Amino acid sequence: MTFVLQHLVVLPVLVPLLAGAAMLFLAESRRVARASLALASMLIQLAVALGLLYLTSDAAPFIWSEGVGVYSIGNWPAPFGIVLVVDRLSAVMVTLCAIVSLSTLVYSIARWDIPGQPFHSLLQFLAMGLNGAFLTGDLFNLFVFFEVSLAASYGLLLRGAGAARVKAGLHYLAVNLAASLLFLIGVAMMYGVAGTLNMADLSIRAAALSPADRTLFDAGAAILGIAFLTKAGSWPLNLWLPGAYSAAVAPAAAAFAMMTKLGLYAVLRLGTLLHEDKTLGVALFYLGLATLGSATIGMLAAKHLARQVGYSVLVSMGILLAALGLRMESLTGPVLYYMIVSVLTTTTFFMLTGMTERTRNIKAATPATHAESPPPRHLAYGIKEPSAYDTRDDAGVAIPAAMAFLGLVFVCCALLVIGLPPLPGFIAKFALLSEALAQTPTTAVPASLWVLCGAVLLSGVAGIIAFSRIGMRLFWSVTARTTPRLRVVEAAPVAALVILCLALGIAAEPVARYLDAAGRSLHAPDIYVRVVLSQRDGQRPAGASPP
Amino acid sequence: MEIIYSLAIGVLAGSGVWLLLRPRTFQVLLGFTLLSYATNLFIFGMGRLTLHKAPILSTHGIADATPYADPVPQALVLTAIVIGFATTALFLVLLLALRGLAGTDHVDGQEPDA
């Protein structure tokens, strides 16, 4: 049992890697086998993630005494070998990633598994890259896992081809390539000054640098920060995001919901580990406000639902960045809660987009990718019955009252994004603002806090306007629309995510307690550093000592 | 040597950034290539510039590290080259696909005055 628990940390990286690779060797005609393999992999990831969530809490002190688990890959001790580290924040992110990937996978089984385009493998590799980035304790490994997830996302974004998608893909690729180069420059500068890439070791050495070296180190950290914020979708560098997300097919966009949060995670992790909060805070606050403002305007201007959801991703990112920019330690818990709600909402919303697209008219009832793929392609992959794909809309078990279901989910998602009472979107925003106000003395509330409160509430109002307008267009103007046939496998993950959001609202207290603990351990990086580096002093398992 | 090395990085990065901001996709591609050269040289330089030093430690005792070069940046450069090369190749494919689909090599898929 202890053996299994010891290796639990590496499973979120290993399982999707093996599953995704194995799927490439399964013939295209064996769709059931591929889908079950993918499903099994995602279920294992979810189970492992929940296990990590439990082990990092104080409930099981006999495994990892301080809520931080370290796994040395290759069995070399920490500052020299590469380690995976799991603490509460990592566990939360991995769990969130597993939930998003699992629901996206179930959704995509319905109609998106087309021959010749290895959707399932790419989804696995995306999950692997994200999990690895959340778990790694090494700066360069973070870069590699970033690139793994990006490489998978390029493939997912370009799925289905078409001029608009290729154009959006080109922009997405260019922005991310530039950001990756900045990432490398930042990492190299920090290595050049501090002489290590291990994040825990870096934390110690950064604190002990001479002022001149520290300036150079901070410059490197700032360049690294630009790379992270580009990926997170922060203001001047986020114009690619709505275009790319709305051009992608629905399940791909839904899976991307986690990608922007990767940048946020990196900012949180390295910002606290490297003691960069002071300068970072001011920058984050203004960048967050600018993101919030520009995205709110974009949301009002957007004409299509997918684009609008893309902007709502940016709105939530703006709120998150600005709240982090206030530099209040106790605010980290509410920020994480808001992030979880926003990720789940975005995923649901993008899935919904894929369904409402089909209401437009009968011709659009089958996705464009199907119309573009001629039957010979299926023959080339050794599949006998191409007709099975042409009539996919009528295949499978349909759910009754499709329009009512879509409308209900739309209302729930809109309420979650805007932050109106019965759903946890409200709790998240309320907890954020009330905690921020509670932390400051009532007589001297700083202007920045008032600006933030005003901006958050105003963006909520703008959200109401934007979403009610698009909702009326989608559901109440009945001309030239058809009722789509929704299959149970499509509708189930959407419903499950909405119910999960509801559960988050009902069980807000234990969740908030866990997230508060995660925030506290994040702001006390000494424990993290100590546990990672204690590997050096002979806690190595016997029998496999390096020469 | 340091002056020549840093000048080389500067020239590569400068031309790379300029090309990156051009409107034609092929220029952007070349810009990325030059920028990644500059980045790779920069990473390599962060391991300190030395001559006639092996990055591989000998098996019998490493009491003195001075006759050796830092192997870590060299390993990093190798990884960065592989990843950069793969991504640039994908960019090239997209460039050709966009040229074929849109009929123009402008990065926005249409001429600005059209």
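**View 1. Helices α2 and α3 of chain B in the predicted model.** Helix α2 of chain B covers residues 25-45, and helix α3 of chain B covers residues 71-102. The two helices pack at an angle of about 175°, and their axes are 10 Å apart. Because angles over 145 degrees count as roughly antiparallel, α2(B) is roughly antiparallel to α3(B).

**View 2. Residues where α2(B) meets α3(B).** On the α2(B) side, the residues include B:F26, B:L29, B:F32, B:S36, B:N40 and B:F44. On the α3(B) side, they include B:L76, B:V77, B:I81, B:G84, B:T88, B:F91 and B:L95. Sorted by class, the contact of α2(B) with α3(B) has 14 nonpolar and eight polar residues, and no charged residues.

**View 3. The contact between chain A and chain B.** Chain A brings 20 residues to this contact, and chain B brings 26 residues. On the side of chain A that touches chain B, α6 (139-157) and α7 (163-194) each supply at least two residues. Helix α7(A) gives the most to this side, with 16 residues. By class, the side of chain A that touches chain B has 16 nonpolar residues, along with two polar and two charged residues.

**View 4. The fold of chain A.** Chain A contains 24 helices and two strands. Of its 547 residues, 56% count as buried. Among the contacts in chain A with a separation of 6 or more, 80% come from residues 24 or more positions apart.

Terms used. Residues numbered from 1 in each chain as written. Chains lettered and ligands numbered in written order. Predicted model: local features only at pLDDT ≥ 70, side-chain atom pairs only at ≥ 80, totals over all residues. Contact = placed C-beta atoms within 7 Å. Helix = DSSP H or I, 4+ residues; strand = E, 2+ residues; numbered from the N terminus. Nonpolar A, V, L, I, M, F, W, Y, C, P; charged D, E, K, R; others polar. Axes fitted to C-alpha atoms, helices over the stretch in contact; angles between N-to-C directions. Parallel < 35°, antiparallel > 145°, perpendicular 65-115°, else oblique. Buried ≥ 20, exposed ≤ 12 C-beta atoms within 10 Å, placed from the backbone.
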